[in-house]
Amino acid sequence: MELSQAEKQDLRVFLAAVYGPQVNNWRINASVFNHTYKMLYESKKCSDLVSLIPRPMTIGQAPIKYISKAARKLLLRKLKNNKQHYKLCVVTSALKAKSKIHMAAMGL
Amino acid sequence: MKSILFIVISLFFINSPADLKANELIISSEIAIKHLPALQIAHSGELVIFKYKNWSYTHEVVSPENLIVSVDLTGFEHQFIKSVFEKKIRGELPNWMGLLAEDFSNKILNKNGSYQKINIGNSIVYGTYSKEEQQGFIFILEERSIHKLDILGAYKDYTALTNNIIKRD
């Protein structure tokens with residue numbers, strides 16, 4: 001279930017576009033991925049990304065457990081390559097998720 | 001013997017009240033937040049994080065350039081935050097900013113749109129809590145700055161924190 005180094009780097013690049021350079025000091029882990037996915041899902045404006053994951057999100061279930069490795073890799077690569085586009089679709093969701101993502105990245 | 005007794009008694013009085021006394025997070029010259037000592041305190045970017053056994057909260061001074069990704073709210077930040085809670089104020093904002101406030105409002109306010117609004121000294125405090133998400137937000141609007149508190153925990157933790165925002169002497 002753990003993210004590969006390439007996946008961590010893809011996620012880091014996207015989150016740095018959203019939250020700024022402090023992301024470079026973060027510990028990117030499964031919890032950060034879970035909160036990021038929930039942020040994308042809740043925004044309801046990144047539908048092309050969320051549609052990569054056919055199964056609806058279940059409350060209480062960690063996305064990293066049900067998203068296949070291949071879909072996860074594709075999603076993170078798209079996030080990285082189109083970070084300027086996708087950061088605009090999470091504007092208010094990013095504000096709502098900010099503390100959760102920071103805390104996950106700090107191992108809290 | 002007397003001097004040893006004096007030292008022991010002094011140590012008792014020095015140590016015990018400090019352990020029991022609530023701490024204060026001073027956020028401005030006017031406002032402080034009383035809270036019990038946290039298990040962990042962390043600093044990440046603009047956030048100061050206070051972690052307790054079953055809940056946590058973060059504090060940040062709102063930067064109008066960075067509050068919303070890719071949007072500069074400079075000059076409108078107070079009106080923007082007010083309009084997140086009070087629909088009628090959205091009409092005073094540029095249309096796109098009103099829509100942004102509505103979008104954020106829909107994400108943090110419950111279905112009834114209920115929120116708290118209190119005055120502390122010259123500051124206005126807006127707060128909202130979602131039992132479903134176990135998350136609450138408090139915005140403290142001072143004349144020249146805005147503070148954001150994000151509470152991750154039970155409703156009782158949210159209300160306790162709200163009640164412990166105080167005007168400094």
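Helices and strands are here runs assigned by DSSP, a helix having at least four residues and a strand at least two, and each kind is numbered from the N terminus. The legends below describe a predicted model.

View 1. Chain B has 169 residues, of which 27% count as buried. Among the contacts in chain B whose separation is 6 or more, 39% are made by residues 24 or more positions apart.

**View 2. Strands E4(B) and E5(B) are joined by a hairpin.** Strand E4 of chain B covers residues 47–51 and strand E5 of chain B covers residues 56–61, and the two run antiparallel with 4 bridges between them. The hairpin that leads from E4(B) to E5(B) passes through 4 residues. Which residue of E5(B) stands opposite Val48(B)? It is His59(B) that takes this place in E5(B).

**View 3. Strand E5(B) also pairs with strand E9(B).** Strand E9 of chain B, made of residues 146–152, pairs with E5(B) in the antiparallel sense, and 6 bridges link the two strands. One of the pairs to look for is Ser56(B) with Leu152(B), the latter being the bridge partner that lies in E9(B).

**View 4. Chain B and chain A touch each other through residues of both chains.** The contact draws 21 residues from chain B and 19 residues from chain A. By residue type, the side of chain B that touches chain A divides into 11 nonpolar, 6 polar and 4 charged residues.

**View 5. Chain A has helices but 0 strands.** Chain A has 7 helices, and from the N terminus on its elements run α-α-α-α-α-α-α. The radius of gyration of chain A is 12 Å, which is close to the 13 Å that the globule rule gives for 108 residues, and therefore chain A is as compact as a globular protein of that length. Taken along the principal axes, the box filled by the C-alpha atoms of chain A is roughly 35 × 25 × 25 Å. Of the 108 residues of chain A, 41% count as buried, and residues 24 or more positions apart account for 74% of the contacts in chain A with a separation of 6 or more.

Technical notes: Residues numbered from 1 in each chain as written. Chains lettered and ligands numbered in written order. Predicted model: local features only at pLDDT ≥ 70, side-chain atom pairs only at ≥ 80, totals over all residues. Pairing = 2+ DSSP bridges. Contact = placed C-beta atoms within 7 Å. Nonpolar A, V, L, I, M, F, W, Y, C, P; charged D, E, K, R; others polar. Buried ≥ 20, exposed ≤ 12 C-beta atoms within 10 Å, placed from the backbone. Rg over C-alpha atoms; globule rule 2.2 N^0.38 Å.
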